[in-house]
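Dear colleague,

I am passing on a structure that I would like you to look through, with some notes on what was found in it. Please keep it open while you read.

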Amino acid sequence: MKPVRITGFLVSMMLVGCAMNVDDRVTPGDDRVAPERNKLVIAHRGASGYLPEHTLAAKAMAYAQGADFIEQDLVMSKDGHVVVLHDHYLDTVTNVRDVFPNRARTDGRYYVVDFTLAELHQLAVSERFTLSDGAKEAVFEQRFPLDRSSFRITTFAEEIELIQGLNQSTGGSVGIYPEIKSPAFHRGEGKDISAAVLKVLKSYGYAERQSSVFLQCFDADELLRIRGELLPALNMNLPLVQLLGTEPEYQAALTPEGMKAVASYADGIGPSMHLIVEPDSVANNLTTTNLVQLAHDLNLLVHPYTFRRDLLPAYVADYDELLEIFLNDIGVDGVFTDFPDLTVEFVESNL
Ligand code: G3P
Ligand code: CA
């Protein structure tokens, strides 16, 4: 993952001349986003607390549970298809070792970009696991069992068709929240993932600010390129979200100057929840940062990740308490969650 470089932001913005008027961007309260609920429930990799992440089953379940937006992490195949997987590796969510035992690179990893879509379709997808002495161990033991039933890798287009199909058949209006993964890695492999993702989005009608989509990325330079070059060239204009991690390279973005730079090209931020409440906080005596205030003062939406009932910070006793702190006390605009059902229930009971 390419680090965020704030000095790079400023120089790049001058070069591409893409600084935006804040009033042109999406602001909290726009009726485009979930008119009935102003706190967005974003299904993180689908209803991934219940079914293997990024499978169509997990996405359908998230839809049925009432998520406002459903997330897609995106990488590319050897033959240029955009597929929905969190990593540009295959070895922690599929049986690639069994099906293609000789296709690992010298680092022992199996790269999505080394496989055609037809080959990817031969793989079975499972719950995320680690390998311990050759044996698989589920990352989340209580979730869907490993190697049960039948799940496949899907393309971005297939997933959009599922969500748009459900919107038609149920009369719903669920949006999509795609993330461009590792643009620098893909460039090194001869692939322009951002251009490919935008092409799919446009072909399915996501081209305007009012479309039900947020496009997210950790790579600030890539978001600047999307805002300044790719979107105008395609006659598109989409809301962009700058993801922020806890790693040192994101620290500059957390300052007033850095956040101002983000606000010149993005409509929101997607920070780790630990950038808002210190993870070693103690119950009833939280250490919070000024990140949400800083972002809201610049009309940036704030959608932190990742809210999991089965991986709670030590400072809360249960999942509802975590939601109470972030959604009600601190006032974030939505959350990425593995448990859309619990989050929808909380939000609706707090309307
Ligand atoms: O995109 C928001 C959140 O999903 C970022 O973390 O690693 O789960 O993609 P990750
Ligand atoms: Ca993501």
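Two strands are said to pair if DSSP finds at least two bridges between them, and strands (E, at least two residues), like helices (H or I, at least four), are DSSP runs numbered from the N terminus. This is a predicted model, in which local features need pLDDT of at least 70 and side-chain atom pairs count only at pLDDT 80 or more, while totals for chains, interfaces and linings use all residues. Residues are numbered from 1 along each chain as its sequence is written, and chains are lettered from A and ligands numbered from 1 in the order in which they are written.

The protein chain holds twelve helices and eleven strands. Strand β1 (residues 40-43) runs parallel to β11 and is joined to it by four bridges, with A43 standing opposite T337 in β11. In a regular strand the side chains alternate between the two faces of the sheet. Of the 351 residues in the protein chain, 46% count as buried.

F336 also belongs to the surroundings of ligand 1, among which are H44, D73 and H86.

The mean pLDDT (the predictor's confidence in each residue, from 0 to 100) is 92 for the protein chain, and 89% of its residues reach 70 or more.

Methods:
A residue is near a molecule or strand if its C-beta atom, placed from the backbone, lies within 6 Å of it. A residue is buried if 20 or more other C-beta atoms lie within 10 Å of its own, exposed if 12 or fewer, and partly exposed in between; C-beta atoms are placed from the backbone.
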